Amino acid sequence: MPSFVQAVPVIFVLIWSTGWVVAGFAARYADPLWFLFLRFLLAAAVIAAIAVATRAVWPRSPRALGHALASGIFLHTFYLCGVWWAVRNGVPTGISGIMAGLQPVFTALLAPLFLGERIAPRQGLGIALGFAGIVLVLAPKLLGIDPAHLATVLVPLGVNVLAMLAVTLGSFYQKRFIAGGDLRTTTALQYVGAALSTLPLVFLFGAPDAQWNQTLVLTMAWSVLALSVGGVGLFLYLIGRGEVSRAAAYIYLVPPVSALMSYVVFGEWLAPVQLVGMAVTALGVWLAVRRA
């Protein structure tokens, strides 16, 4: 029977993959930036309560406090707000999914520079296969894009790319400056930083607008408890236990698993090329994360 440590990557991928479904439901009833601000605020409150109840150690120095707040801006504000804003402003879901596959690529390219991590040839091959698999999974959606429409989303597309670069840099920041801190208090402070930095974006690029109903309440509950608390906690746990590049490689599995979820939830048909892409992605992740 696999141990909890061995099961963490699988649990992380399954939880993180629901983010695409959550974004789809939330966009129907709320401004995405306002929704994310409330999500960050509630996540900070929940995790802070857990930290207090379990007597976790809070950062004492202004430097440690600043690092926690800053990492939250990279990992949550720039990343999620950038992706959600880009999708809301014209970036097709398929293209945005491919942008998610850029994180392991950015990580592999920058890890030797920022952290001195060595990327073995086997891991490099796995990263390349993972990205190729993502392209195959999303190819049917990409082929249906009108080239004339693509020119109107260049700015949102650039924002989407910057969002993936931001979460990559946030992972490096987490590994270098916060890896030794208490995960509970650090995560709570990260969400405080994310909420504080997202609120101005609401009034600059969005609006405090939401139509509260049962669907939106359930979507918020899942976003806070499963994604913000569970998913992010598992991702930070993976970063803390190993190399950033190894942890980020699991992100490659998210778009294929999300496609499977879309098939189950929304009845979206999967083409044979997408099934092949999922297999290629799984092989790439296995090569990238397995130890010699």
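Trainee: Why is R118 called exposed?

Mentor: The relative accessible area of R118 is 68%. Exposed means over 50%, buried under 20%, and partly exposed in between, with a 1.4 Å probe and protein chains only. R118 is therefore exposed. Its place is in the loop between α6 and α7 (121-143). The model is predicted: local features need pLDDT of at least 70, side-chain atom pairs count only at pLDDT 80 or more, and totals for chains, interfaces and linings use all residues. Residues are numbered from 1 along each chain as its sequence is written, and side-chain values use heavy atoms, with hydrogens and water left out.

Trainee: What is the confidence of the protein, and where is it lowest and highest?

Mentor: pLDDT is the predictor's confidence in each residue, from 0 to 100. Its mean over the protein is 81, and 86% of the residues reach 70 or more. Helix α12 (residues 244-249) has the lowest confidence, at a mean of 63, and helix α3 (residues 32-53) the highest, at 95.

Trainee: What makes a run of residues count as a helix, and how many helices does the protein have?

Mentor: Helices are DSSP runs of H or I with at least four residues, strands are runs of E with at least two, and both are numbered from the N terminus. By these criteria the protein has 14 helices and zero strands.

Trainee: Where does α6 bend, and what is meant by the bend?

Mentor: The bend at a residue is the angle between axes fitted to the seven residues ending there and the seven starting there. In α6 this angle is about 30° at A108, and the proline P112 follows within four residues. A108 is also among the buried residues of α6. From A108 to R118 there are ten residues in sequence and 9.0 Å in space, C-alpha to C-alpha.

Trainee: Why are Y173 and F177 called a tilted pair?

Mentor: Rings of Phe, Tyr and Trp (its six-membered ring) pair if their centres lie within 6.5 Å; planes under 30 degrees apart count as stacked, over 60 as edge-to-face and the rest as tilted. The structure holds eight aromatic pairs. For Y173 and F177 the centres are 4.8 Å apart and the planes form an angle of 45°, so this pair is tilted. The two residues are four apart in helix α9 (residues 154-178), which means a separation of about one helical turn. Ring pairs also link Y173 and F177 with F74 and F78 into a cluster.

Trainee: What makes D182 and R184 a salt bridge?

Mentor: A salt bridge requires a side-chain nitrogen of Lys or Arg within 4 Å of a carboxyl oxygen of Asp or Glu. The closest N and O atoms of D182 and R184 are 2.7 Å apart, so the pair qualifies. The structure holds one salt bridge. R184 counts as partly exposed, at 32% relative accessibility.

Trainee: What is the phi of R55, and where is its place?

Mentor: Phi of R55 is near 55°, a positive value in a residue other than glycine. Most residues other than glycine have a negative phi. The place of R55 is in the loop between α3 and α4 (62-88), and R55 is exposed, with a relative accessible area of 75%.
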